[in-house]
Each structure stands twice: as structure tokens, then as C-alpha cells.
Amino acid sequence: MIIGTVTGSVWATRKDEKLNGLKLMVVAVEQKKSVMTSIIAADIVGAGQGDQVIITMGSSARLAVSRETMESKIPVDAAIIGIVDSVES
Amino acid sequence: MIIGTVTGSVWATRKDEKLNGLKLMVVAVEQKKSVMTSIIAADIVGAGQGDQVIITMGSSARLAVSRETMESKIPVDAAIIGIVDSVES
Amino acid sequence: MIIGTVTGSVWATRKDEKLNGLKLMVVAVEQKKSVMTSIIAADIVGAGQGDQVIITMGSSARLAVSRETMESKIPVDAAIIGIVDSVES
Amino acid sequence: MIIGTVTGSVWATRKDEKLNGLKLMVVAVEQKKSVMTSIIAADIVGAGQGDQVIITMGSSARLAVSRETMESKIPVDAAIIGIVDSVES
Amino acid sequence: MIIGTVTGSVWATRKDEKLNGLKLMVVAVEQKKSVMTSIIAADIVGAGQGDQVIITMGSSARLAVSRETMESKIPVDAAIIGIVDSVES
């Protein structure tokens, strides 16, 4: 998984019907030391602007969102599966 | 998922038969700050030149296109599943 | 797989219920010569701070954690599956 | 998917038996602006030296090659599934 | 797939039991022009130090190793599936 920060959300009227009702969040993730990139992740834990979140990718993302929405085969490849309280080092 | 911009389309006569009838779009995606790269994605929402689109990758792309075309196991690893109206930050 | 070093752990109260009870470790991995990045991996071998560990990614991570916890479809995409004794060159 | 250029082929006597009879092509792909890298892809459309080709990755590659060769579970993660006629922008 | 060079092997006493008996090799792969990185791959063709090898990643790696060892769901995401004789350009 990776940690990222929610920076916004994406609105799309024309989309795969299986995405209907899903919150698609823009998440900034650190690709390399201070080099940021953005990915779009389906939110299933109620994340908001500025939240530090845990993102899972690939088929695990699809499974998490499909289970949460009780809809099978939702074509996402990234999902927010947790909101970070703290990172202990 | 990632956001990209449709910059063109790919024509290929000699191809896997399962790709027949599919629109294969060239999409510019931001790999890193202002570093662009291009990927090829199957379009299932009617995206056009210059559209900002949502792309899903891996087995989720295959599932979306297979469902849309009612053909199983279409060997794509990237699909356009939405056309962006707006990104709210 | 990749080798990384455990640098900490992540705490998240609001998360996918399937993650309950899982230890989520922060692991520094070398992306390129001396360019480090961090990923979050579910630990199933009892790794601790500073341990050099073996990480598997994607559906193999899900399978390993699901088998270990006897819970199906745990939405992780990275798992610690070994603690390195030594690397022989 | 990605577009690349066939630059050669790989010969390997000692290999997984499931690869027997498969053409393994070396394909140069643009990782970033003018930064090339090479991947090995199984060819199922008769691509040749210098051809510009469409490559699919991951489980979709396995499915395409397994279907084409009527052999199940062929352990490839990249396959050439089309030869580019043209890219229209 | 990608080509890499075997540079060593990894020893881990505390590991997922499914990895028992597997040879885990350290393989240097060219990430970008002369930028090397190391991955760990399960060997199923008897590769040795200095061998140039073909590596498959993701679920295809798991399938190849599971078939070779007749153990299901082995949590690897990279496997050595061939030893390169030559690359013809």
C-alpha cells in the first residue's frame, strides 16, 4: 500500500455505470523524495480534503470496493482503505 | 486510477482478434511533474480528442471492457472508464 | 519481490474492517540508487523496527495475508513475507 | 497498453517448458521523454524486427498468449497483441 | 518480462512457510539507461551467479512457481523462468 494526501475529488458524468455513486478522490502521493504525483482512488472510509490516507492498488482495490458496495467487478484499480491517525517510527 | 488527456488513436490491422471493434486511444499521462508519457487505453465511454479522461489499469480494465463488449477475456490492461467534468480541490 | 527496511508502523482507526488486527508497517525501499521511497506492507512474520525484510506485492500479498489470518480477500497489495538473515553475492 | 519497437529476440534453452515454441521479442519502450528501456514480450501476431507494436501487460498478457497457443497458464507478463499501422493525432 | 543478471541469493529463516525450499535470487535489472535496481526472484530453472535471466512478474510468477513446486498459492511476485543464451538484434 502507499500513503497519500487527499487534495480533491473528480466529477465525471459520462462514465462506466459501475462507478455510479462512488466517491473518486484525487490523492497526492510521493513518487520519490519531494516528487509528487496524483492518482484517483475510490473512497470507502469517508476520507475528506487534507486527510492522510492508506491506498491499496490493483485487484485488492477492486475487491475492497466491490465488497463495500455489494456490487461485483467494479473497475477501480486504487481504493482508499484507511485514514491515517499516526505513523510511528 | 489516473487522469490523462486523449491525444490520438491507434490503428492496427494485424492484431489479436479479441481487439476487433475496440477503439484504442493514445492518452498522455503525467508521470511526474511535467514529465509526460503515453499509454494506449481501450475506450468504453466515447472519449474524443482532447478529452480529459479517467483510466483504470490491470485486470480491472479487462473486466470493464469485457462487460461493455460482452466478450470475455479481452487482453487489454488499460481502459478509459470516465470523461472528467471537473476536478474540485 | 523487493527488499526493504522497516522504519515504523501506521495506525488507522477508520479503516476497512478487513484490516482489523493487521500490523501495517512502513518500509523504506530503494527505488533507484540511493533514492528511497516508503510503502506500507502487512506483516505476517513478526518483523520489527530496523529489520531488513522481503516484500511481495499485488495479488500474491493478498493471498499470503489471507492464508495467514484465515480471512478471505484482505485488501492489501504488499506483505512482509520474510526477514532477511543475509544476502550472499 | 504501451507502444514499443521490436529490436530483437531472446533465445533461452533452459527455460520453463511452458515457454517452448514461444517467440520472445526484445521491445524498446519509451519510459520517459527519450528515456528508453527494454522489455521482453511474447509475440502472438507475427511481429518482426523494427515493427512498432502494441504490448499488453500482466494477467491480460497471459490470457492472450494462453488463448492463442491453447495452453493454459503460460507464465508471461507481457505480450505483443498488435502491429501498429498508424497513430492518428 | 525483463532481463536481469543474478548477483546473489537471499537467506531468510523467519519467512512464510510457503517459501520453504525455494531459491530466492537477487537479480540486478536495468531500470533506466545504466540505472540498476535489484529485485528478488524465485528461481525455477537452476540459475546461478552471473547468469543473464528472464524474469516474469505478478500472478504469472506465482503460477509458474506453484506449478513447478506443485504447491498452490506461493506468495511470490517475481520468478526466473529462463536463462538467456543470446539476444539477437
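Contact, as used throughout these exercises, means heavy atoms within 4.5 Å. The model is predicted, so that local features need pLDDT of at least 70 and side-chain atom pairs count only at pLDDT 80 or more, while totals for chains, interfaces and linings use all residues. Residues are numbered from 1 along each chain as its sequence is written, chains are lettered from A in the order in which they are written, and side-chain values use heavy atoms, with hydrogens and water left out.

**Exercise 1. Determine which residues of helix α1 of chain C are buried, and what covers them.**

Step 1. Helix α1 of chain C spans residues 59-69, where helices are DSSP runs of H or I with at least four residues and strands are runs of E with at least two, numbered from the N terminus.
Step 2. Buried means under 20% relative accessible area (1.4 Å probe, protein chains only), and C:S59, C:S60, C:A61, C:R62, C:A64, C:V65 and C:S66 are buried in this helix.
Step 3. The cover over these residues includes β3, β4 (52-57) and β5 (78-83) of chain C, and also α1 (59-69) of chain A and α1 (59-69) of chain E.
Step 4. After α1(C) comes C:M70, which has a positive phi near 55°.

**Exercise 2. Describe the surroundings of E:T56.**

Step 1. E:T56 belongs to strand β4 of chain E, residues 52-57.
Step 2. Because its relative accessibility is 0%, E:T56 counts as buried.
Step 3. Leaving aside residues up to four places away in sequence, E:T56 touches D:P75, D:V76 and D:D77 in chain D, and E:M1, E:A61, E:D77, E:A78, E:A79 and E:I81 in chain E.
Step 4. The side chain of E:T56 reaches the backbone oxygen of D:P75 at 2.9 Å.

**Exercise 3. Work out how chain D is related to chain B.**

Step 1. The copies use different surfaces, since 10% of the contact residues of chain D recur in chain B.

Conventions
Buried < 20%, exposed > 50% of the residue type's maximum accessible area, 1.4 Å probe, protein only. Polar contact = N/O pair within 3.5 Å; in protein donor to acceptor, adjacent residues only side chain to side chain. Least-squares fit on C-alpha atoms with pLDDT ≥ 70 in both.
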